[in-house]
Number of protein chains: 4
Amino acid sequence: MFDFGPRSQELVVRMHDFLADHVYPAEAVFARQVEEAGYPRPTPPVLQELKETARGLALWNLFLPHPEKDHEPLSNLEYAPIAELSGRSLELAPEAMNCAAPDTGNMELLSMFGTPEQKEEWLQPLMAGEIRSAYVMTEPQVASSDAGNIETTIERDGDEWVVNGRKWWISGPMREDCRLLILMGITDQDPGASRHRRHSMVLIPRDAPGVEVVRELDVFGYKPFETHVEMRFTDVRVPVDNLLGEPGAGFAMSQARLGPGRIHHCMRLIGAAERAQELMIDRAGRRSTFGSPLVERGVIREWIADSRMEIDQARLYTLRTAYLMDTVGNREAASEISGIKVVVPNMARRVVDRAMQVFGGAGLCQDTPLARMYAETRIVRIADGPDEVHRRALARTELRRFEAVTTPVPRGATSHLAL
Amino acid sequence: MFDFGPRSQELVVRMHDFLADHVYPAEAVFARQVEEAGYPRPTPPVLQELKETARGLALWNLFLPHPEKDHEPLSNLEYAPIAELSGRSLELAPEAMNCAAPDTGNMELLSMFGTPEQKEEWLQPLMAGEIRSAYVMTEPQVASSDAGNIETTIERDGDEWVVNGRKWWISGPMREDCRLLILMGITDQDPGASRHRRHSMVLIPRDAPGVEVVRELDVFGYKPFETHVEMRFTDVRVPVDNLLGEPGAGFAMSQARLGPGRIHHCMRLIGAAERAQELMIDRAGRRSTFGSPLVERGVIREWIADSRMEIDQARLYTLRTAYLMDTVGNREAASEISGIKVVVPNMARRVVDRAMQVFGGAGLCQDTPLARMYAETRIVRIADGPDEVHRRALARTELRRFEAVTTPVPRGATSHLAL
Amino acid sequence: MFDFGPRSQELVVRMHDFLADHVYPAEAVFARQVEEAGYPRPTPPVLQELKETARGLALWNLFLPHPEKDHEPLSNLEYAPIAELSGRSLELAPEAMNCAAPDTGNMELLSMFGTPEQKEEWLQPLMAGEIRSAYVMTEPQVASSDAGNIETTIERDGDEWVVNGRKWWISGPMREDCRLLILMGITDQDPGASRHRRHSMVLIPRDAPGVEVVRELDVFGYKPFETHVEMRFTDVRVPVDNLLGEPGAGFAMSQARLGPGRIHHCMRLIGAAERAQELMIDRAGRRSTFGSPLVERGVIREWIADSRMEIDQARLYTLRTAYLMDTVGNREAASEISGIKVVVPNMARRVVDRAMQVFGGAGLCQDTPLARMYAETRIVRIADGPDEVHRRALARTELRRFEAVTTPVPRGATSHLAL
Amino acid sequence: MFDFGPRSQELVVRMHDFLADHVYPAEAVFARQVEEAGYPRPTPPVLQELKETARGLALWNLFLPHPEKDHEPLSNLEYAPIAELSGRSLELAPEAMNCAAPDTGNMELLSMFGTPEQKEEWLQPLMAGEIRSAYVMTEPQVASSDAGNIETTIERDGDEWVVNGRKWWISGPMREDCRLLILMGITDQDPGASRHRRHSMVLIPRDAPGVEVVRELDVFGYKPFETHVEMRFTDVRVPVDNLLGEPGAGFAMSQARLGPGRIHHCMRLIGAAERAQELMIDRAGRRSTFGSPLVERGVIREWIADSRMEIDQARLYTLRTAYLMDTVGNREAASEISGIKVVVPNMARRVVDRAMQVFGGAGLCQDTPLARMYAETRIVRIADGPDEVHRRALARTELRRFEAVTTPVPRGATSHLAL
């Protein structure tokens, strides 16, 4: 128990070295190169070098749980500590290892639902890190946590699909090497149709006519490298073969995509929290007020202890969820995925917030990665389902489990203990 | 991973049946029999029957990690789900299985440090459930979370030890079958002596002259079956052979005793929290206000979800701690033991508090076990080291781990991930 | 601003002396006398003396906002600091001053809605402190936070009302001098009738045939002096003149009764919190661990600071609510009454909990008033409307206020600032 | 009680109109004009117009509690609702009314400690809104919450003071019309000198040789109009007459400056929180998920209720603090100033965070003022003393008050109630 197996342990060691020897030293360089480059954003040279290094170290595509050419998959549990470590350098490490959202989810979709031709055209270059992609789902006019609200249409016209609508919170399209958009819209215009059989996904080349970036979106003032944008799709036409999976299967596919995406976010945020904790401890040892270093103060020690207890619990919860995904499947683990999706970003927020407080002004500005981490935790509390929707979902499952117990004295603990 | 092994799984099934078929139905009977009996408190008949049933089912002495006659030990990890289930009926199940504090800790002490004669006289009848014992450490005049404050003296006088002092928060001595007190005091009167080499433990028969119960202590308004008392020891004399372990080893022995005691408390409180959660869900389905059952309300659903997330995290944290105790030892796991000692009772408090709120008045009175559970969570936040002392200890370890990392970029996550 | 006026300030000084010179010294005596007396509980001599002292000092009936014979009323705002101080000795001071629930609410009902005969018979002896009364509303089978659930019937039969039903959480009937029960039930049996016009209140002599105490209810194990009971009413007959107010006006009257009752609870709990804070500071100065007094530790200082900030905010919120009740009326202040009803007991719970933690075992047992205070805060979170119902009500008002703002840019702050 | 007086009430009405008719419509224009202008930043035309409007409405310099030419001062209590309303448009309204930090604090310093010549040269144009100023205190190398750490030197050389050092978190110097820096440094180089008599303040023209902006500092990712910078002072020379106040009085003057600055921050953040609450309610009424508007959901209603309760308490706490500053003075009110400095930004953070959650992505980006408000609350938890330092200070006062009570039973409530 609590053993990741030899393959994962070996990768952890390699990851530590990769971070220490290559990634951390590249962080400042990366920030400078991004700032100096214009739009559309080229991949900064330092990131390109990191990608080659990672690939050479076989720290590449480790996220993908499905066998593809040249790819022997890790289980979610084996991947967990690797993903966590990549979260210690949120902007650099995941992409350096070709394990960054939204490409990861898109590769999963193509791997699971793509035709051989689609895989050939898009999955191969994505897995080779040669191109980037974006995922296009959320809409500005409606509450997208309810997919039933989606209004963008994908209409059949002869041999083509015609896409019209407005989308936002799409990360990636400003990247120079972004080639592919995977868009979810409504193919079945009949509002009386089954609520969850009306959506489809379609593959749209980034440079297709009618595809337009309306504006960039800040996140707490940041315009990160993978900046978020709002887009307009006006009579965008793609061949019928560009439909991904079955027509009407879009909602189910998006759910299939979300599970792994959510746990990857959580794994990475745990790594970010660990780094914040280290930064805080280091700083608290260096600064003094009123005659003693901060690290000697009882209040700061409580923060250190609270952060440790919260990180460790959230990590274990995430690992168990990974284990469940591996053993009983993403669908059966949905409730636990909801649970970590609520728990982890809130935990990371608290840990990062404590670190910011110890750093004072340096914690708020570009001198530490803390404020940026904070923004990331805040996004994750909304993206892929806001906290309150996941709590609802989790409660629903909890009630079902309770009702499944038919004996007069519920023996419900079993279901939880048996894992 | 997350697999308890066949032995534990089989015991879990047996425990579920034992609880459902024997323990839950006995709860009301027990409360009545305790109330009707006088002082000193006899073991109520229904509890005596439960003990015989449990022994017949081999649900007996499962807590003891050391091999003793007729006892093949479980690991802490194997024991965890059993102890958790016993916490679903906090007052009855642990003792029914001869797994109740303070006897458990006392049996551990005797098992680890007792002479053959001491084992013969005290450990055998304790393991047979024929007698009960008490543990005598805390003192009313000083803050006992710092053992250095202890004032009770154990002085050598010829072939005897003479004990003088005042102690409180001792559970057990009002039981009719309580025969043994294990008392910690100062044997080295030299205040200049090493702070942690001055204490010793001595075995005192309950009926020794000079042993006196001063008063009962309420917990909130409860005088539970295992009521707590304040005691006075006036020139109590025992033979020199009654010293337990080495002279001056008392502090170390008490620490050795505390680790398992703390995790057992935590395991049981997780079970109590699970039962509170079940009670709450059940109640929320039965009560309606303003036209809809409580279970339909979003706020109640959030409580259900929050409790599930908190319970699951706390359980995993406890299981990992058990695993560490099994693999690297109690001493190395001290920081994690501190962590669960803070996390679990606070978690259980919140879960029970939510359940009380759903029950309204019934949650505060004798109609549910909730208020009593609440009192128990409150005791555990103080007993065996208050929250704030454990947070300090945990922070100290965290700082040491951080300093142990000598590379310029800390790679500290390893120590946590490696588990 | 923030000035209570001369009358209130003078009473505050008198109250401080009364508490210091009479009430605090009586607390231990009272506990002993209550424990020694049997059932039905007589008024302990020490309480009788306190009542005479308080009356002599004109610290008597100060709660009543309506002019009655020999009674010149204080405003709610003037009364607030007096009630707060009485909460420093929750069990003794309020009754000593004839300002204890449930008599206060009952006197208000009689004062507002009683006929001259009813006042003569019941209000006069209550105001003289010669008899005690109880208020009978909550029912065990249903969620009473929704008055629509009430099932007890008050049926007309000739010149009499006949009462049948089961009630609980009634405090007072075990007192020897309890003479009067004010019971709310259903007079209009037509379920189609207007939801809030079906209830009435009836005056029932404590010794009327058919009135029966079924059992006492613990609160966290306590059976306080004013113990709570469950009662059965079987064909209890009273003359038609015993109806209080109009038939069908019961719900409205109960609401009228609740506003002041709720704010009195809050005022007193603020006093209890202040006392807990003082006890904690005092203790933290006397106890030492690991070489320094607790009061020197940063963590304890944070508790002290947090409690002070929370108490002060809750007090100001309560005072403003009192001011609103005085100026715009209880109905218009309903939202603020809901607010303090949520805020104050939760604040007091946290303050008391911190104090308990500093006291260790002494904070849980009879050696301090803390555990009892804790139980009281927990009752108040449920009694007179649970937290979640008050939050709903407050949100409803907030939404109405928001909608009342018709300009495109809401100018809503006015409503709050203007007070 | 709870009455601001006619002057303040009239100003509140005027402020509401000013905000609705002029400020809110200008917000988007301002953002655009700031973005389009280069460095050094000119005052955008829309802001210039607002300033003229505000001055015409006599909504000008209302913050200044000291009589100056053409200025009849408001009390802190009278000013409170005005400042709160200005916080509804944090970036625009305060400066439009010449009530924005850091000018406000600088004007106070000049008003209290300036010579007639200094007032003539700097205070008059500041009060006329013709120039801007900056306050230069915090240093990057040390923990500035302890003023004893300050290292920048102000050395006497003949008729001049020579300033050397590095400072940061200075807002304003990038403004085109910034003319004056008020800098705090060490004039008494003797480390053995009294800890709080070593600092002085000196007036430095923005364009003095040796004054250099090193870099801009982000706050989260923002570079707001009043962007923060790091500066280097190298042999900067000013005439001896440029010393503000007495030599060695710098620490005391900075404390005098901080009190009002802190409460102004708090007043404004209350207004920001009110606006966030309104935005949230408005949004929750417009968005629907799963078939019902968000505002119908119990969880959202709890957020609405919690925010209302927290805002109202924090406002009352702030008002009482203002009242204390007016009546017993800033020094005696120091503990309450610390209290609101902890309470208010944390309250505003929670309120804004809830609103962000309801808005989803729109809450994080430039489409709402929420993320920017959030950043502001986060700064205030650090600027002018971090939370933990204020808690320490508040606890120290609480302990002193407690010790001042000499009777055996503390009568400490008086001190709090009497206010």
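The accessible surface of chain A comes to about 14500 Å². Carbon and sulfur atoms hold 50% of that area. Accessible areas were computed by the Shrake-Rupley method with a 1.4 Å probe, and for residues only the protein chains shown count as cover. The model is predicted: local features need pLDDT of at least 70, side-chain atom pairs count only at pLDDT 80 or more, and totals for chains, interfaces and linings use all residues. Residues are numbered from 1 along each chain as its sequence is written, chains are lettered from A and ligands numbered from 1 in the order in which they are written, and side-chain values use heavy atoms, with hydrogens and water left out.

Of the 419 residues in chain A, 65% are buried. Buried means under 20% relative accessible area, exposed means over 50%, and partly exposed lies in between (1.4 Å probe, protein chains only). Contacts, defined as heavy atoms within 4.5 Å, were also counted by sequence separation. Among the contacts in chain A with a separation of 6 or more, 74% join residues 24 or more positions apart. Along the principal axes, the C-alpha atoms of chain A fill a box of roughly 80 × 70 × 40 Å.

Chain A contains 13 helices and 10 strands. The radius of gyration of chain A is 22 Å, close to the 22 Å from the globule rule for 419 residues, so chain A is as compact as a globular protein of that length. The radius is taken over C-alpha atoms, and the globule rule is 2.2 Å times the number of residues to the power 0.38. Helices (H or I, at least four residues) and strands (E, at least two) are DSSP runs, numbered from the N terminus.

Helix α1 of chain A covers residues 6-36, with 31 residues. Its first and last C-alpha atoms are 42 Å apart, close to the expected 45 Å at 1.5 Å a residue. The expected span is 1.5 Å times one less than the number of residues. A kink of about 45° in α1(A) is centred on A:Glu27. The bend at a residue is the angle between axes fitted to the seven residues ending there and the seven starting there. Helix α3 of chain A (residues 76-86) has 11 of its 11 residues buried, so this helix is largely enclosed by the rest of the structure. Among the buried residues of α3(A) are A:Asn76, A:Glu78, A:Tyr79, A:Pro81 and A:Glu84.

Chain A can be laid on chain B with an RMSD of 0.0 Å by a turn of 180° and a shift of 0.0 Å along the axis. That is the relation of a two-fold axis. The same surface serves both copies, as 100% of the contact residues of chain A recur in chain B. Copies are superposed by least squares on the C-alpha atoms of residues with pLDDT of at least 70 in both.

Backbone geometry was examined next. A cis peptide bond joins B:Tyr39 and B:Pro40, with omega about -15°. B:Pro40 lies in the loop between α1 (6-36) and α2 (45-56) of chain B. A cis peptide bond also joins D:Ala101 and D:Pro102, with omega about 0°. D:Pro102 sits in the loop between α4 (93-96) and α5 (103-113) of chain D.

B:Asn98 is a residue other than glycine with a positive phi, near 55°. The loop between α4 (93-96) and α5 (103-113) of chain B holds B:Asn98. B:Asn98 is buried, at 4% relative accessible area. D:Asp384 has a positive phi near 55° and is likewise not glycine. D:Asp384 belongs to the loop between α11 (370-380) and α12 (387-404) of chain D. At 25% relative accessible area, D:Asp384 is partly exposed. Setting aside neighbours within four places in sequence, D:Asp384 contacts D:Leu258, D:Gly261, D:Arg262, D:His265, D:Lys341 and D:His390. D:Lys341 is 43 residues from D:Asp384 along the chain, with 8.7 Å between their C-alpha atoms.

Two further buried sites were characterised. C:Pro345 lies within helix α9 (residues 334-359) of chain C. C:Pro345 is buried at 0% relative accessibility. Beyond four places in sequence, the contacts of C:Pro345 are C:Leu269, C:Ile340, C:Thr377, C:Val380 and C:Arg381. B:Leu64 is placed in the loop between α2 and α3 (76-86) of chain B. B:Leu64 is buried too, with a relative accessible area of 0%. Residues up to four places away aside, B:Leu64 touches B:His71, B:Pro73, B:Leu74, B:Met107, B:Glu108 and B:Met127.
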